[in-house]
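Try each task before reading its solution.

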Amino acid sequence: AFYIGSFFYMHTALFFFANIMIFRIYAVSYTATSTIQMQFSTRKKLARNSSRIWSIASWSLIVGGGIYMSAASKYAGRV
């Protein structure tokens with residue numbers, strides 16, 4: 001919510017801080033997920049599990065973008 005809300009204050013320090021934080025959080029999350037996947041997947045199921053993790057990450061970006069577009073269109077002109 002903090003990251004999406006920062007789009008209403010573009011060209012400020014808040015927006016750039018939010019981008020730095022979301023990048024760090026995503027990097028740590030992706031690294032942790034990949035590590036767990038490598039430890040607990042068999043060679044046979046590694047490709048399947050990799051594609052599942054990739055699809056979850058992709059869908060989260062798509063849904064997050066949809067939420068932002070919905071909020072931006074709802075409050076357009078009020079800011």
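**Exercise 1: placing Arg52**

Arg52 has its place in helix α3, where helices (H or I, at least four residues) and strands (E, at least two) are DSSP runs numbered from the N terminus. The model is predicted: local features need pLDDT of at least 70, side-chain atom pairs count only at pLDDT 80 or more, and totals for chains, interfaces and linings use all residues. Residues are numbered from 1 along each chain as its sequence is written, and side-chain values use heavy atoms, with hydrogens and water left out.

Task: find which residues gather with Arg52 in a patch of positive charge on the surface.

Solution. 
- Start with the helix: α3 covers residues 46–74.
- Next, check accessibility: Arg52 has a relative accessible area of 46%, so it is partly exposed. Buried means under 20%, exposed over 50%, and partly exposed in between (1.4 Å probe, protein chains only).
- Then apply the patch rule: residues need over 30% relative accessible area and no salt bridge, with like charges joined within 9 Å and nonpolar side chains (Val, Leu, Ile, Met, Phe, Trp, Tyr) within 5 Å. A salt bridge is a side-chain nitrogen of Lys or Arg within 4 Å of a carboxyl oxygen of Asp or Glu.
- The patch holds Lys44, Lys45, Arg48 and Arg52.

**Exercise 2: the nonpolar patch**

Task: work out which helix gives the most to the nonpolar patch.

Solution. 
- List the members: Phe2, Tyr9, Leu14, Phe17, Met21 and Ile25 make a nonpolar surface patch of about 580 Å².
- Helix α2 (residues 13–40) gives the most, with 4 residues.
- Take Leu14, found in helix α2: its relative accessible area is 33%, which means it is partly exposed.

**Exercise 3: neighbours in sequence**

Solution. 
- Ala57 has its place in helix α3, and Ser58 lies in helix α3 too.

**Exercise 4: the annotated spans**

Task: find how much helix there is in residues 6–32 and in residues 53–71.

Solution. 
- UniProt lists both spans as "transmembrane region" in an unreviewed entry; such annotations may be inferred rather than shown by experiment.
- Residues 6–32 are 74% helix and 0% strand, with end C-alpha atoms 26 Å apart.
- Residues 53–71 are 100% helix and 0% strand, with end C-alpha atoms 27 Å apart.

Methods:
Accessible areas come from the Shrake-Rupley method with a 1.4 Å probe; for residues, only the protein chains shown count as cover. Lys and Arg count as positive and Asp and Glu as negative; His and the chain ends are not counted. The place of a charge is taken as NZ of Lys, CZ of Arg, CG of Asp or CD of Glu.
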